Amino acid sequence: MISVRRPSPALVISCVALALALGGTSFAAVSALPKNSVGTPQLKASAVTSAKVKNRSLLRADFASGQLPAGPAGPAGPAGAAGPAGPAGISAVERVETTTVINSASPKTAQMACPAGKRLLGGGARLNGPNASPPVSVAIQASFPDNDNIYRAIGREAVATAGTWSLTVFAVCATTG
């Protein structure tokens, strides 16, 4: 008969410890971690390197704005449709004026027409004087553009006196179209 020696208690304990140590490591290596269980707090600085990231696995959304270089410019697209023509502008703007005679007549009327080929854009009137003692009270009664390309004005004394004054009317004209 062959004699079988029994293992010593120390050998049994060391084998059990070795089995537990290898079994725990094996369990961690083959068991799946729960989804989203590892994040920034669990990672050490510089733990994730380019070599550890699978090529072409990152998306543009994974990068901050300005981190990715722009790609090459694409080909030019077709020209768009032409828009409608805008309104014609104005050119050759000029101011023309006329002044009535200097006298004491009241009311005074004056008008200024634009030169041929130009349209009236606006205008105005100015009183010149009065020259009297005591001063004469004179006012512009009306100042307006008319539909016939003429600017018109009327000046009048408040009280008829012997004072002299005149009325200047000016028109702002331009070529349009």
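A: One cut-off before we start: buried means under 20% relative accessible area, and exposed means over 50%, with partly exposed in between. Also, this is a predicted model.

Q: OK. Is R152 buried or exposed?
A: R152 has a relative accessibility of 19%, so it counts as buried.

Q: Which residues are linked with R152 in a network of salt bridges?
A: D146 and D148 are linked with R152 in that network. The closest N and O atoms are 2.3 Å apart for R152 and D146, and 2.8 Å apart for R152 and D148.

Q: How many salt bridges does the count come to?
A: Four. One of them joins R95 to E97, with the closest N and O atoms 2.8 Å apart. R95 is partly exposed at 49%, and E97 is partly exposed at 43%.

Q: What ring does R95 lie over?
A: R95 lies over the face of F170, 4.3 Å from the ring centre. K108 has a ring contact too: its charged end sits over the ring of W165, 4.2 Å from the centre.

Q: How many aromatic pairs?
A: The count is zero.

Q: Switching to cysteines. How many disulfides does the structure hold?
A: One. It is formed by C114 and C173, with the sulfur atoms 2.0 Å apart. The pair links distant parts of the chain, 59 residues apart: C114 is in the loop between strand 2 (108–113) and strand 3 (119–131), and C173 is in strand 6 (residues 164–176).

Q: Left-handed or right-handed?
A: The torsion about the S-S bond of C114 and C173 is about -85°, so the disulfide is left-handed. Both C114 and C173 are buried.

Q: What about C15?
A: C15 is partly exposed, at 45% relative accessibility.

Q: Last topic. How many residues are in the largest nonpolar core?
A: It has 13 residues, and L167, V169 and A171 have the most contacts inside it. Strand 6 gives the largest share, five residues. Strand 2, strand 5 (150–157) and strand 6 each supply at least two.

Q: Which residues does A171 touch?
A: Leaving out residues up to four places away in sequence, A171 touches E94, R95, V96, M112, L120, G122, G123 and Y151.

Conventions:
Residues numbered from 1 in each chain as written. Predicted model: local features only at pLDDT ≥ 70, side-chain atom pairs only at ≥ 80, totals over all residues. Heavy atoms only, no water. Phe/Tyr/Trp six-rings, centres within 6.5 Å; stacked < 30°, edge-to-face > 60°. Lys NZ or Arg CZ within 6 Å of the ring centre and 35° of its normal. Disulfide = S-S within 2.5 Å. Helix = DSSP H or I, 4+ residues; strand = E, 2+ residues; numbered from the N terminus. Buried < 20%, exposed > 50% of the residue type's maximum accessible area, 1.4 Å probe, protein only. Core = buried A, V, L, I, M, F, W, Y, C linked by side-chain atoms within 4.5 Å. Contact = heavy atoms within 4.5 Å. Salt bridge = Lys/Arg side-chain N within 4 Å of Asp/Glu carboxyl O.
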